Amino acid sequence: MQTRTSEQAPSKQPTPSLTALTVAGAFARALEMGYGDWFGKEDLQLTNKMVAAAMQHEPAVWKRGIINTFFVIPYTWQRAFFSNLVMNGYDTHIMMRKLMIKEHIHAAIHERGITQVVFLGGGYDVRSLIAARQNPGVKFYEIDRGDTRKFKMQVLDELAADAGQQLFIENLSDGSKIVNGNLSYIHCDLSRENLEATLQEHGYDPAQKCLVIAEGLTMYLSRESMDEMMKSLMALLHDQDEIMLSFASSQGDGSKIATAARQLNSEQYRFSLNPEAVCDFTNTYGFAVAGKFNHTEFYKHAGDNDLSDFYQQNPTVHRETYYFLRRSDLVLENRQEDIAQVSDIKLIIPAKDNDPRPVMSCQIL
């Protein structure tokens, strides 16, 4: 296997992503407070390890103190903070997007024959590691860069040293890691490096069916970086390949406190797209919207009718919506110019109160 040039040396003052930490923390809280049955024990265990590593490695002492203090206050206080100052129902939203990605991967592999899954941006998410363990015959690739990735790689090394984890890691000369032979953690800056070439250097097979997932990524990219990413995906993907990504709406970007926190860590929102503009945008790059996720319905399934009603009654409030894309030539006969005409993807999930059975279907219409 060919390897690329060495990974860029980290800065003297590493700056792990505050957004990645808040997402991981929200997911852990949701699992602790009633949604754990929809996931495995591994989700909470590994996510907590990622959160602990993020807090431990925060370079600014004052910020680390604030973060540590925040994460030991009662969960109900933490949830209220994020709901009021970041996004209404933040923990539920994060949990539901993790669930739909989890089930989408399962359906793509077991119902549609996907044999390769690519994660664009990993943060502290543990889905690629868990899914790779569950599907040893499928190749997984996680593309990321920066200090958050560095700390995540340290956690992986710690897990590999734990005999009970059964992780076998191969370290490549370019800073990438191969876990258990089917999961590659690859350092790549999507704004500067060729995605197709990078993946193929690490074993990606263009002849095999692929699912690409970009979770909570696009809003942090510049317009130029978005353009490069979409062009790269068009060059990479072929017939029957799939993309799952999200766009944040452009109506506001949360509270002033949330905005200031992102700016402090250089994580401002840079790209947004209202739902009515999504079809035109994706068509420009040769992709059609084959489905969309109606997250207000997911909130109802999660047992949070108040949250579902809030977003139903406030259509212009800032939100993140997920879409399912395919090459437009494959779905030309069904291609819609109006996002309202695009079918909702049906995510079949158990009732929250008394049915913890795993979900086996994510239906693409």
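What you're looking at is a predicted model, in which local features need pLDDT of at least 70 and side-chain atom pairs count only at pLDDT 80 or more, while totals for chains, interfaces and linings use all residues. Residues are numbered from 1 along each chain as its sequence is written, and side-chain values use heavy atoms, with hydrogens and water left out.

The protein has 13 helices and 11 strands. Both are DSSP runs numbered from the N terminus: helices are H or I with at least four residues, strands are E with at least two. Of the 365 residues, 53% are buried. Here buried means under 20% relative accessible area, exposed means over 50%, and partly exposed is in between, using a 1.4 Å probe and protein chains only.

The accessible surface comes to about 16200 Å², and 50% of that belongs to carbon and sulfur atoms. These areas come from the Shrake-Rupley method with a 1.4 Å probe; for residues, only the protein chains shown count as cover. Now for contacts, meaning heavy atoms within 4.5 Å. Take those between residues at least 6 apart in sequence, and 76% of them join residues at least 24 apart.

## Two nonpolar cores

A nonpolar core is a set of buried Ala, Val, Leu, Ile, Met, Phe, Trp, Tyr and Cys residues joined through side-chain atoms within 4.5 Å. The largest one has 62 residues, and Ile 105, Leu 129 and Phe 140 touch the most other members. Leaving aside residues up to four places away in sequence, Phe 140 touches a list of residues including Ile 105, Ile 109, Val 117, Phe 119 and Leu 183. Apart from this core lies another, of 36 residues, with Leu 190, Leu 217, Ile 339 and Val 342 among them.

Leu 129 turns up again as a contact of Leu 156, which also touches Leu 167, Ile 169 and Tyr 185, not counting residues up to four places away in sequence. Leu 156 is found in helix α7 (residues 146-161), and it is buried, with a relative accessible area of 0%. Leu 167 is 11 residues apart from Leu 156 along the chain, and their C-alpha atoms are separated by 8.3 Å.

## Cavities and a pocket

Picture a 1 Å grid over the protein atoms alone: a cavity is a set of points where a 1.4 Å probe fits but cannot get out, and a pocket is an open set with protein on both sides within 12 Å along at least five of seven lines; lining residues have an atom within 4 Å of a point.

The elements that give two or more residues to its lining are α5 (90-110), α12 (295-301) and β9 (320-327). The largest share, four residues, comes from α5. Among the lining residues are His 93, Met 96, Phe 293, His 295 and Thr 321.

Of its 18 lining residues, Pro 275, His 295, Pro 315, Arg 319 and Thr 321 lie nearest its centre. At least two lining residues each come from α11 (275-284), α12, α13 (305-313) and β9.

## Around α11 and β9

Which residues of α11 are buried? They are Val 278, Cys 279, Phe 281, Thr 282 and Asn 283. Their cover includes α9, β7, β8 (287-292) and β9. Just after α11, Gly 286 takes a positive phi of about 95°.

Over in strand β9 you'll find Tyr 323, which counts as buried at 1% relative accessibility. Tyr 323 and Phe 247 are 76 residues apart in sequence but 8.1 Å apart in space, C-alpha to C-alpha. Beyond residues up to four places away in sequence, Tyr 323 touches Phe 247, Pro 275, Val 278 and Ile 339, among others.

## Two loop residues with positive phi

Most residues other than glycine have a negative phi. Asn 180 is not a glycine, yet it has a positive phi of about 55°. Asn 180 lies in the loop between β4 (177-179) and β5 (183-187) and is partly exposed, with a relative accessible area of 32%.

Gln 240 has a positive phi too, near 75°. Its place is in the loop between α9 (223-236) and β7 (242-248), and at 38% relative accessibility Gln 240 counts as partly exposed.
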